[in-house]
Amino acid sequence: MRLLTGLIAHGVRDIVLSPGSRSQALALAAVALARSESVRVHVRIDERVAGFTALGLGRGSGAPAAVVCTSGTAAAGYLPAAMEAFHAGVPLILLTADRPPELRGVGANQATIQPGMYRPWARSSIDAPVPGEADPALFETLAAEAVAVALGAPGEGLDGVAGPVHLNLPLREPLSGPMPDPLRAAPGSAPRPAPGAALRVRRGPRTLVVAGADAGPEAERIARAGGWPLVAEIVSGSRFGAHVVPAYRERLRDTALADRIERVIVFGHPTLSREVAALLRRTDLEVIAVRRGGERLNLSGAATDARAIEVETGAESGADAEAWLAAWTRPDAPCADGAGADGALDRAALVRAVWAATGSDDRLVFGSSRIVRVADQVLPGRDMHVHANRGLAGIDGTIATGIGIALAAATGSAGLADEDAGGVGVTRVLLGDLSLLHDVGSLLLPGDEAVPRLQVVVGNDGGGTIFDGLEVAGTAAAEDLDRAFYTPQSVALAPLAAAYGWTYARAATRDELQRALSAEVGGPQLIEVPLAR
Ligand SMILES: Cc1ncc(C[n+]2csc(CCOP(=O)(O)OP(=O)(O)O)c2C)c(N)n1
Ligand SMILES: [Mg+2]
């Protein structure tokens with residue numbers, strides 16, 4: 001109880017619960033606190049879904065959400081979200097109920113090895129004392145530390161980077177008793193992590209700014225301050241403004257241009273093109289990487305690790321600097337618009353329609369796989385809220401992450417990561433069919449909770465068509481490739497949506513898609529867009 005009220009006092013706004021008996025005291029306290037509006041509670045039966053929902057809440061709000069589960073395999077369900085949170089630098093607090101020490105390692109029911117089970121991804125791992133055996137004030141201290149470390153306070157050697165924190169909570173019978181009523185906590189705001197010291201850079205060298213996942217508007221600001229071209233991935237949140245390099249993959253393949261780069265300043269985590277990966281491996285140029293996630297970016301083996309960048313003032317940009325910027329940013333030949341004569345949709349037309357439908361109050365969440373790559377190649381610059389789980393680029397948990405982001409949008413930001421978060425718009429999740437089916441458990445939303453304003457848009461090409469591009473496709477038997485990689489599916493999505501109480505629309509043409517995207521969004525909607533393999 002003191003633990004939960006402590007978390008709330010230090011800025012936790014959301015608790016995602018999964019049912020279980022060992023964690024009952026925490027669950028009942030959380031629900032009572034939600035009734036008094038001290039915190040919001042979301043209940044998800046699948047801990048993997050709960051973990052990604054909390055990840056989305058942390059992404060969307062900048063404040064850590066807490067997850068609560070029982071002992072045993074339940075706790076293992078949090079692992080994928082914990083790994084993603086570590087690599088993407090998203091705050092998250094994992095609360096796992098456990099058996100007391102005397103029931104560990106002796107074959108007791110539903111008891112496993114929980115202390116430290118999220119190492120090496122957890123930024124701190126604490127095995128708490130059994131309540132009653134320690135000063136209750138200790139739990140408030142643990143709560144304060146958990147929030148601070150999740151937001152990037154010094155943990156296990158990763159100062160300044162947000163990530164997951166694990167509190168393992170041994171509990172002894174009786175597992176709960178009557179709750180004081182009403183149970184309240186005074187919500188506080190999360191501590192603002194101290195900004196890391198900025199690295200001062202000169203304007204001189206021919207510089208390219210690269211913005212990978214979660215780079216945010218800072219990359220665009222620095223590109224402008226330095227007068228440098230900006231290669232911004234579609235998931236960066238910095239693909240806007242006059243410095244954006246159009247069709248950047250082609251430009252980077254132009255060796256006459258790329259060989260002249262003297263310095264690269266990278267924000268976030270670039271993952272979408274082999275051209276950027278090759279650039280970052282080069283040892284004939286200087287790489288400065290501004291870290292976002294728990295692991296530093298150092299593909300060349302000689303990159304400088306920075307927390308922030310400051311561009312030295314003075315030194316007016318000369319003709320050389322202007323020519324350098326112009327060489328990269330000259331407009332590209334316009335691309336084909338991607339819809340056939342009959343208005344049938346391909347991936348380019350799909351991503352263009354979703355991009356155009358997304359306004360400044362909305363959020364766009366990209367799944368992994370093919371569609372995000374097409375989006376990266378064809379979409380123009382535009383300042384908007386984009387998200388994607390590119391920490392590890394899993395296809396898992398995409399819908400749950402989107403739901404977390406939508407729920408965070410519904411209460412506005414905690415004022416940390418997303419200061420200009422805007423009003424409550426629509427959150428759109430754009431993903432492939434296997435990614436949808438992988439996370440189908442996320443469609444289950446309790447009827448008594450606030451419904452997120454959410455559109456899940458699925459490009460359905462009957463399986464994992466990203467694998468059609470595997471090199472081995474040249475030699476392996478087509479039927480083996482289909483069976484082991486494409487994994488064909490023909491799940492009927494309309495009755496699936498109906499079974500979970502979601503609105504469903506099928507959009508096979510541009511007009512139908514336009515209509516579906518602009519429909520009034522009250523609750524969750526599934527929009528299926530059939531795509532040719
Ligand atoms: C958890 C996880 N398992 C497996 C993969 C490997 N993987 C990458 S893309 C993909 C297929 C995705 O298919 P779909 O969502 O239909 O997208 P498409 O390529 O067809 O557009 C898989 C299985 C992964 N990234 N993450
Ligand atoms: Mg597919």
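Predicted model: local features only at pLDDT ≥ 70, side-chain atom pairs only at ≥ 80, totals over all residues.
The magnesium ion (ligand 2) is coordinated at 2.0 Å by Asp433 (OD), Asp461 (OD) and Gly463 (O). Along the chain, these donors follow the spacing D-x27-D-x1-G. Asp433 belongs to helix α15 (residues 433-438), whereas Gly463 sits in the loop between β17 (454-460) and α16 (478-486). The pair therefore ties together parts that are 30 residues apart in sequence. Asp433 is also buried, because its relative accessibility is 2% and the limit for burial is under 20%.

Helix α1 (residues 2-9) packs against helix α2 (residues 24-35) at an angle of about 45 degrees. Their axes lie 9 Å apart. The angle makes α1 oblique to α2, since angles under 35 degrees count as roughly parallel and those from 65 to 115 as roughly perpendicular. The crossing is right-handed. On the α1 side, the contact is made by Leu3, Leu4, Thr5 and Ile8. Helix α2 contributes Leu26, Ala29, Ala30 and Leu33. Seven of the contact residues are nonpolar, one is polar and none is charged.

Arg13 is partly exposed, with a relative accessible area of 32%. Leaving aside residues up to four places away in sequence, Arg13 touches Ile8, Val39, Arg40, Pro64, Pro187, Gly188 and Ser189. Among these, Ile8 is also one of the α1 residues in the contact with α2. Arg13 and Ser273 are separated by 260 residues in sequence and by 36 Å in space, C-alpha to C-alpha.

Two cis peptide bonds involve proline. The bond from Arg119 to Pro120 is cis, with omega near 5 degrees. Pro120 lies in the loop between β4 (92-98) and β5 (124-127). Another cis bond joins Glu173 and Pro174, where omega is about -5 degrees. Pro174 is found in the loop between β6 (164-170) and β7 (198-201).

Positive phi values occur at Ala393 and Thr487. Phi of Ala393, a residue other than glycine, is near 55 degrees. Ala393 lies in the loop between β15 (385-388) and α14 (398-411). Its relative accessible area is 30%, so Ala393 is partly exposed. Thr487 is not a glycine either, and its phi is about 45 degrees. Thr487 occupies the loop between α16 and α17 (493-499). Thr487 is partly exposed, at a relative accessible area of 32%.

Note on methods: Residues numbered from 1 in each chain as written. Chains lettered and ligands numbered in written order. Heavy atoms only, no water. Donors = N, O, S within 2.8 Å, 3.2 Å for Na, K, Ca; no water. Helix = DSSP H or I, 4+ residues; strand = E, 2+ residues; numbered from the N terminus. Buried < 20%, exposed > 50% of the residue type's maximum accessible area, 1.4 Å probe, protein only. Axes fitted to C-alpha atoms, helices over the stretch in contact; angles between N-to-C directions. Parallel < 35°, antiparallel > 145°, perpendicular 65-115°, else oblique. Left-handed = near helix turned anticlockwise from the far one by under 90°. Contact = heavy atoms within 4.5 Å. Nonpolar A, V, L, I, M, F, W, Y, C, P; charged D, E, K, R; others polar.
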